[in-house]
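Take a first walk through this structure.

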Amino acid sequence: MLQSAGSDLGRRRVVVTGMGMVTPLGVGVENVWGRLVAGESGIGRIRSFDPSELAAHVAGEVPEGPTAEGKLTLDEWVAPKDQRKMDRFIHLGLVAATEAVLDSGWMPEAEEDRCATGVMIGSGIGGLQTIYDASITVHEGRAKRLSPFFIPSALTNLVSGHLSIKYGFKGPNHSAVTACATGVHAIGDAARLIMLGDADVMIAGGAEAAVCKLGIAGFCSARALATSFNETPERASRPWDKDRDGFVMGEGAGIVVLEEYEHAKARGAKIYGEIIGYGMSGDAHHITAPAEGHEGAFRAMKAALKSGGVTPGEIGYVNAHGTSTMADDLELEAVERLFGDDASKVAMSSTKSAIGHLLGAAGAVETMFSLLAIRDQVAPPTLNLDNPSRESAIDRVAHESQARKVNVALSNSFGFGGTNASILVRGV
Amino acid sequence: MSEIADKVKKIVVEHLGVEESKVTPEASFIDDLGADSLDTVELVMAFEEAFNVEIPEDAAEKIATVKDAIDYIEKQKAA
């Protein structure tokens with residue numbers, strides 16, 4: 001077993017050998033990344049239902065259309081007869097997971113290999129629309145007509161379940177549920193399972209499909225969503241900008257294939273980068289608001305750096321949680337505190353400006369953006385950052401991508417309930 | 001083929017996503033048409049809805065083939 005270079009996390013190194021994503025910018029990692037770096041936005045007026053009676057009318061929805069155009073044709077990913085047994089978050093999870101597995105080339109036939117391959121795909125909310133529809137059936141006095149697929153369609157861990165069945169992955173079958181920190185927790189915890197020897201390969205990430213009337217109405221009631229840009233949707237998600245007034249919800253999924261380094265090397269797998277650090281914390285403060293100075297975020301980041309054996313000066317890019325809410329400046333304060341004198345050297349952006357907030361999928365998608373920032377030596381932009389609400393030594397990559405030297409990148413995700421997770425990746 | 005048999009066949013094709021030609025009277029939902037136990041529960045519900053009949057659980061358990069379903073519904077409708 002190999003000692004992880006500079007890390008006290010565990011004895012085995014974990015690398016990323018496959019990636020898949022479906023986001024409001026489209027289907028497919030390279031497609032989404034290309035559009036993101038080019039400064040495109042996936043935010044628009046909500047199409048899946050009429051939002052006019054709600055305060056927020058905008059969201060990031062996955063574009064439907066031909067696969068060749070980087071859009072979603074679900075029938076090509078999930079058999080039509082199986083689609084109605086699954087909520088949309090499972091559909092999106094399976095699309096991203098299929099891409100990731102095919103990308104990794106890891107589709108083991110041997111029983112031993114299958115048992116060493118696990119799944120950990122979470123969701124912040126799970127099958128919200130499915131629960132809504134079933135509630136109406138019961139309310140109408142038709143409880144006995146409830147589909148036998150209602151429960152397995154709504155359960156949050158069922159992307160993991162379906163994926164394991166599809167490919168015969170018989171290792172740990174797990175799922176993280178930590179609101180908007182789900183994606184990072186799933187990847188970080190799955191990496192640790194590999195480090196501890198519970199598995200050699202883990203398919204990990206998050207999936208979310210809460211852009212439905214119940215989801216938007218609920219976050220509207222919590223006063224969490226942007227409502228001032230209903231006529232100009234592409235301007236609605238504006239992290240750190242003085243005119244920001246809430247987050248923009250997005251739907252989608254992000255899935256990575258994590259693999260023990262020697263295992264990946266032995267089969268000649270393509271390696272995107274290494275998971276070198278992971279840190280978690282809790283605010284113990286408020287159900288939706290971060291504590292002063294986002295001190296919970298600071299501790300999560302600090303823990304990630306400690307576990308990775310990395311100093312702030314080595315980090316070239318930070319993918320911020322940056323939701324386009326008041327909390328943006330608190331995260332900024334915590335990052336400034338972490339970097340100290342190195343603050344002027346790092347680039348930090350919020351890709352939620354382009355795709356919205358994918359809740360339980362956000363951290364997984366953003367971890368991949370961090371890996372791609374290392375691969376391509378580029379920091380993707382923060383759109384709509386016209387007038388920062390306050391100045392900072394940290395370059396927040398306003399409007400356009402920047403060529404950057406990035407060897408190590410940090411990705412932050414924080415969730416309701418005061419849960420914080422940070423993950424640290426490095427090129428191999 | 002009776003109207004009931006026609007309708008049963010249509011529901012089976014729709015719910016199990018199988019070719020119409022495979023839905024013969026003798027075809028077993030589980031052994032021949034790829035259904036699992038949850039699929040059969042859903043199928044029985046679809047029959048109840050479509051034909052406006054009640055199929056109690058002990059009767060539903062005995063409906064294994066397309067013909068079983070047609071016979072049961074025809075009997076209920078005749079009663």
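Contact here means heavy atoms within 4.5 Å. The model is predicted.

Start with B:Leu43. This residue sits in helix α2 of chain B. Which residues does B:Leu43 touch, leaving aside its neighbours within four places in sequence? They are B:Ile11, B:Val12, B:His15, B:Leu16 and B:Phe29. Is B:Leu43 buried or exposed? Its relative accessible area is 1%. The cut-off for buried is under 20%, so B:Leu43 counts as buried. Now look from B:Leu43 to B:Ala59. The two are 16 residues apart in sequence. In space, 13 Å separates them, C-alpha to C-alpha.

Stay with helix α2 for one more residue. The helix covers residues 37-51 of chain B, and B:Ser37 is found in it. For B:Ser37, UniProt lists "modified residue: O-(pantetheine 4'-phosphoryl)serine". That record is an unreviewed entry.

Next comes the boundary between the chains. On one side, 11 residues of chain A take part; they are in contact with 14 residues of chain B. The size of an interface is often given as the accessible area lost when the parts come together. Here chain A and chain B bury about 1000 Å² between them. Carbon and sulfur atoms account for 44% of that area. Three residues stand out on chain A: A:Arg84, A:Arg145 and A:Pro148. Together they supply 52% of the area that chain A buries against chain B, more than any other three residues.

A:Arg145 forms a salt bridge with B:Glu49. Their closest N and O atoms are 2.4 Å apart. By class, the side of chain A that touches chain B has six charged, four nonpolar and one polar residue. Six residue pairs are in polar contact across this interface, both residues of each pair at pLDDT 80 or more.

Finish in chain A, with backbone angles. Most residues other than glycine have a negative phi. A:Trp240 has a positive phi of about 70 degrees, although it is not a glycine. A:Trp240 lies in the loop between α9 (213-221) and β8 (252-260). With a relative accessible area of 0%, A:Trp240 is buried.

A:Val397 also has a positive phi, near 55 degrees. Where is A:Val397 found? Look in the loop between β12 (378-379) and β13 (402-403) of chain A. A:Val397 is buried, because its relative accessible area is 0%.

How values were computed. Residues numbered from 1 in each chain as written. Chains lettered and ligands numbered in written order. Predicted model: local features only at pLDDT ≥ 70, side-chain atom pairs only at ≥ 80, totals over all residues. Heavy atoms only, no water. Buried area = accessible area lost by both parts, 1.4 Å probe. Salt bridge = Lys/Arg side-chain N within 4 Å of Asp/Glu carboxyl O. Polar contact = N/O pair within 3.5 Å; in protein donor to acceptor, adjacent residues only side chain to side chain. Nonpolar A, V, L, I, M, F, W, Y, C, P; charged D, E, K, R; others polar. UniProt positions renumbered as here; feature names shortened; annotations may be inferred. Helix = DSSP H or I, 4+ residues; strand = E, 2+ residues; numbered from the N terminus. Buried < 20%, exposed > 50% of the residue type's maximum accessible area, 1.4 Å probe, protein only.
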